[in-house]
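Trainee: Can we go through this one together? I'd like to start with the ligand and then look at the sheet.

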Amino acid sequence: MNTKELDTKYVLPTYARADVEFVSGDNARLVDADGKKYIDFTSGIAVCSVGHANKRVNNAICKQIANITHISNLYYTAPQAKAAQKIVEASGYDMKCFFGNSGAEANEGAIKIARKFGENDGEVKRYKIITLQHSFHGRTITTVKATGQASMHNYFGPFPDGFVYADNIAQIESLLDNHTCAVMIELVQGEGGVQPLEKQAVQDLAKLLKSKNILLIVDEVQTGVYRMGEFLASNLYEITPDVITLAKGLGGGVPIGVVMTGLKDIFNAGDHGSTFGGNYLSATAACEVVDILSEMHASGVLAKNIAYFDSELEKFYSAHKDIFTSKVGIGMMCGLRVKDAKTLADLITNARAEGVMVLKAGRDTLRLLPALTITKEEIDEGFISLERAVSSL
Ligand SMILES: *Cc1c(COP(=O)(O)O)cnc(C)c1O
């Protein structure tokens with residue numbers, strides 16, 4: 001049986017997979033099982049932040065796993081301690097980290113922090129967490145309930161209580177009560193359609209929550225690790241959240257999730273844990289990824305890559321205002337709103353046929369999440385293919 005047949009026979013059908021199988025990659029280039037070449041504007045949904053088959057990450061991982069891959073969190077692990085130091089230092093915040101394996105798990109950790117904070121701090125037990133409509137926080141029973149998309153709340157109940165959805169950031173204040181322990185937001189909604197929140201509104205919210213002793217959790221699973229040009233979107237928005245979660249881009253393809261918080265004493269031994277979280281393999285990958293990207297940030301190469309991608313996207317958008325209604329996003333988390341869902345679906349199919357991989361977000365957004373290491377040549381080739389995809393609509 002070929003891969004598609006095996007998958008169909010043995011893998012649960014939770015994904016509407018595109019009919020393509022990639023067998024190798026090199027930075028923003030991909031090759032499929034038929035030998036066809038592509039430019040990747042998805043980077044595995046913002047995961048392969050330093051590109052496919054990154055030599056520095058691969059060398060670091062290989063060197064590490066030749067010695068030891070895993071021993072559990074019952075013992076000290078040097079790469080985990082170093083990864084925590086690099087993450088905290090890059091963030092500029094006075095925080096500590098907990099390591100898990102995914103974005104959902106990182107958010108579970110954030111929710112546990114908020115609930116413990118609400119248990120201990122104040123007269124009544126506070127448990128309510130306010131999230132936004134169109135948000136996305138994960139697929140576990142708790143994080144799917146935290147996600148403000150009613151279509152994802154079918155079948156799986158009863159869900160944990162205490163999640164309240166605000167229509168928008170302005171509505172949050174009216175939903176705060178003496179049972180509220182936290183507000184959880186993405187600064188740029190990813191799955192919801194590449195939707196940045198307004199900076200002043202976020203700063204006002206942060207101030208309001210501080211004055212009411214309510215935690216601000218920022219889900220940076222997609223926005224974090226230099227995707228916006230700074231280490232965190234929170235840095236760009238010039239706020240200091242109480243809790244931040246990271247995952248996608250952090251391990252360069254190796255599964256890892258982090259919840260970091262300034263509430264350094266919130267957990268005692270036994271309050272939270274993970275078998276795999278931050279083991280030698282994933283933490284080594286994270287150390288190398290953060291090193292590579294912080295060097296690119298310091299040298300100005302990252303800003304240059306972002307500016308070039310943005311200028312090409314702007315040109316492409318300007319040339320096709322009959323199809324696209326606006327250009328959205330920040331940094332390398334960007335996209336174009338498409339006039340209707342059918343055109344978007346056709347465009348994504350055409351793009352693949354023309355050799356460029358792109359994503360959908362929300363109902364009508366063409367989403368682009370290239371590797372932060374993408375080269376000028378790769379960007380140029382990708383947009384030439386996108387042009388062809390538009391011509392054949
Ligand atoms: C992808 C994503 C998640 C979920 O991450 P998983 O690793 O799939 O569990 C959570 N929050 C945001 C903002 C995301 O983009």
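Mentor: A polar side-chain atom of Gln222 and an oxygen atom of the ligand are 2.8 Å apart. Keep in mind that this is a predicted model, where local features need pLDDT of at least 70, side-chain atom pairs count only at pLDDT 80 or more, and totals for chains, interfaces and linings use all residues. Residues are numbered from 1 along each chain as its sequence is written, and side-chain values use heavy atoms, with hydrogens and water left out.

Trainee: How far from an oxygen atom of the ligand does a backbone N or O atom of Ala104 lie?

Mentor: Here the protein side is backbone, a backbone N or O atom of Ala104. Its distance from a ligand oxygen atom is 2.7 Å.

Trainee: Which helix gives the most to the shell around the ligand?

Mentor: The shell takes in residues with a heavy atom within 4 Å of the ligand, including Ser102, Glu186 and Lys248. Helices here are DSSP runs of H or I with at least four residues, strands are E runs of at least two, and both are numbered from the N terminus. With 3 residues, the top contributor is helix α5 (residues 103-120).

Trainee: In which sense do β10 and β11 pair?

Mentor: Strands pair if DSSP finds at least two bridges between them. Strand β10 (residues 215-219) and strand β11 (residues 243-246) have 3 bridges, and Ile217 stands opposite Val243 in β11. The sense of their pairing is parallel.

Conventions
Polar contact = N/O pair within 3.5 Å; in protein donor to acceptor, adjacent residues only side chain to side chain.
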